[in-house]
Every structure is written in structure tokens, then in C-alpha cells.
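Take a look at the structure below. We will walk through one chain, then one residue, then the place where two chains meet.

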Amino acid sequence: MKSDFYKYLSVTGIMLIMVAAETLAAPSVKSGKLIVEKNCAGCHVAGVMGAPKIGDKADWSKRAEQGVKLLISHSLNGFNNMPAKGGNSALSVTDVVNAVAYLLDVSGVKADLSKIKVKSAKTVAKNKTADAQKSKAGTPATTTKSIKVAKAKKVNKKTNVNKFNRLMKSKSEWNPPPAEDGIHDPDNEGTYALQTPKESFADMASNPFGNHIDWVKALNKNQIEPRFDRLDPNKKPFVLDLNIVREVKGSMPDVVYPHKQHTEWLDCSNCHPAIFIPKKGANQISMASILMGEKCGVCHGKVAFPVSECRRCHSKNKTKK
Amino acid sequence: MKNSNTNSYDALKAVFFVVFILTFALANSAKAEYADIVINEYSDKAGMRPAVFPHWFHRIRFRCKVCHADLGFKFQAGGNDINMLKIIDGQYCGACHNGEIAWSVENCNLCHSGKPGTPTQVHDSTIQKLVSPTGK
């Protein structure tokens, strides 16, 4: 009677363990399937550029023999033609591990499934903190030990300092293609015909505001060669190297107005005498008028760098008296 | 006393509502390039898409002086009375868009590429942000 009870207990125990194992293993392979269908199938069904085909047991077991850890690391960080995380940086480490688990499972490589489970559990635990950070910062979490990833993380932290401000666009939102910019008609063929801002700005000095291009730097570094004459590409501008210092009220640094950078782009007649009387002390300038599009504001805040870059004009610290 | 309390509460609610709407309006505003100019003085009425002038595209190729001093473009969106007759005659855009320096006027939809109904504006300008949030 007693032994019967123990038998019964041990059988239920084993069943329970089996069920538990099933439920533990199932979600990873199951969710892996969805991830594979969305992100991996594009290459791994047809075997694009040498990608191991889904279902090719020989190919997959060859890779699994080198160690599942290595396989997962290649999936996470990229290897040969395999892009990191299959090219979708939004995937979490758990997602990638699940995807690998599914790929092996569906290709009939069973031997390593248990190992993956252990590993994935470990990585998940390790990366929980990283995932938490990710969800806060809105950037993909990376958990591998490689230096590259660590570096990327640092950069992410830096660029996300101002993420609390929803009016401040993130870098990924800069310079969208015309069809998505809100003022171009996406139904118009011509919208797609011209060079996009991102393409044009690729090699130009960047800047956090405006077009996200430092036009003055780009010109000085010869990254662009805009003509000074409509027809003659060799005509050089008449550059006047004269700084005008304007003392300002309060604690704000004084303004240094450089004729140099302005005459590289403009003609004297653009500003003088209509906007600025060419005489020291003859021009009343206030931030209010600039914000309303007068004086410096005729260009700054419309096409030249915006007024949010205070210190580019207010650049001369006051000397202590 | 009680009355004034409910009044101030209503006012507070109204302020919150306005702020809420404003944040949405700003959050959904267009994200086109800084200094993209939409010119819609005649286009909509003529059944054409408004013209979009991308400053950035032209700045890479020409300095400000070429258009704003030599060609006489005033520093004001909508402040230059531009029409197709003048352009074909070689004035304004037509000084370059003549098939020699830049592509010619047959390519209507390269310039007339704006969303119908978009008003004349300097996109992303300080004034636009402060005074009249337009776009979408």
C-alpha cells in the first residue's frame, strides 16, 4: 500500500516535471517562430548569401557543433553576411535566443535545445537590467560582452539625455525623406525624384539644430562648393574679415558679429543699408525683434542657424571689472 | 465663495485642455527640413500643388548672394511676386531653371510637390513655432 503511494507520487512528480519543462521550453520556441517569420525568413528560407536554410539539418547541426553560445553570439553581433540581430536592432537578446532556439528546433537539431534553454535563461537574467534600461531609454538593449556593443551603449546614453523633452526630435527623426516630411505630397511622383536631405548631408559637418548641418564648417572644409556666381563656378566672394563686438545687457556674453562668415555667403547689399545701417551704434537690436524675424532674425531662425544656438553669437565672455 | 472656486476650477480645466491640444498640434506638426519654403500664392487656386523651395538643396550648390542679391529674391516667403510667366521669361527661378543650369519648367511636379492646401510658410522657422504653428 505504502509503495503504491510512493509509486503514484513519483509518477505525478515526473509528470509535473515534464509539464513544467514543456511550458518552460514551449514559449521560447513558439515566440521564436514569430520572430523568425518576421525577421529571419527573408534570408534563411532561400539561403540568401550562404545563410543556412531553415530545415537544413546538416547545415544547422554543423553550426550547432561549434557551440550554441557562438551561434547566438553570431546572431547577436553579426557574422560574415549575417547582420547583427538579423538587421533588426529593435529585437531583444531574448528574442534572438528564441529565434535561434526555433531555427534549431525546426531544422531537427534537438541535441542543443536544452543547452539553449539554460543559456537563454542565463542571458535573460543577465540582461534583465539592460532590458529595463532599454525600455526607459527607448533604445535596443545589448548584452553581449563585446566592446563594440558597450561603446554603442555609451553613445545611446549620451544622445538620450534630452529624451524627456518630447518636442526635441531624436536623431533618427532628423532629415526625413520628402515624402514623409509633412509638407510634400506623397502622391506626387516628383516628390521622390530629387536627392534626399540625408543623402546630401552624409559627408557634411553635423550640428544639433536647423538642418542638422553646420553650413559654415561644411563650406570651410570644402565639403560643399556652392557657386558665388550663377554662371561662373570660379568666381570667388569678396570676404571682409572684420568682427563687430556688441556689448549686451545682463550676464549674457557679448555678441561677436563676424563679417567673414557672412560675406562668404552673402553680398554687402543683402544687409546694408536696408537691415543694418553700416555705422557702429546706429542699430537697435533686441532678441525680441530677432525672434519676430527682424534684424539678425531675417535669416537666423529661418534659414541660417536658429536662435536656439545662443553661444554661437553670444560668444565673448564678459571681463570682470 | 463656492462659485468663484468652481469658476477657477473651470478655468484650470480650460487651460489644461488648451495645453493638451497644443502639445498634440506640435507633436503632429510636419518635420520637413529647416528653411523649406512652401509657396502657395496662386497654386491652390490654379489647381496645382503648392511649390516647395528647399533652401538646403540650393545652399549646397549656390551661395545666398546668387539668388538674394543677383536675382532679387526678397528675404520673405510670399514676398516675391513669382508666377510661371516670369519664370519662363527668365526671371526668379527661371534664371537657372531654364534647361541650361538646372532642369526646366516642363518638370512641373519637381517644384509643385507640396501637399495641396499647405499655406505659404518658412517651415520650422522661429516665427512659425512661436506665433503660428502650422503644418499638418
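What share of the contacts in chain A with a separation of 6 or more comes from residues 24 or more positions apart? The figure is 45%. Keep in mind that this is a predicted model.

Now look at how chain A is built. It has 12 helices and 3 strands. The chain has 321 residues, and 26% of them count as buried.

Glu189(A) and Ala179(A) are 10 residues apart in sequence. From C-alpha to C-alpha, Glu189(A) and Ala179(A) are 9.8 Å apart.

Finally, turn to the contact between the chains. Chain A puts in 45 residues, and chain B puts in 46. Which elements of chain B give two or more residues to the side that touches chain A? They are α1 (2–27), β1 (36–39), α2 (55–59), α3 (64–70), α5 (108–111) and α6 (126–130) of chain B. Of these, α3(B) gives the most, with 6 residues. What kinds of residues make up this side of chain B? By class, 24 are nonpolar, 11 are polar and 11 are charged.

Conventions:
Residues numbered from 1 in each chain as written. Chains lettered and ligands numbered in written order. Predicted model: local features only at pLDDT ≥ 70, side-chain atom pairs only at ≥ 80, totals over all residues. Contact = placed C-beta atoms within 7 Å. Helix = DSSP H or I, 4+ residues; strand = E, 2+ residues; numbered from the N terminus. Nonpolar A, V, L, I, M, F, W, Y, C, P; charged D, E, K, R; others polar. Buried ≥ 20, exposed ≤ 12 C-beta atoms within 10 Å, placed from the backbone.
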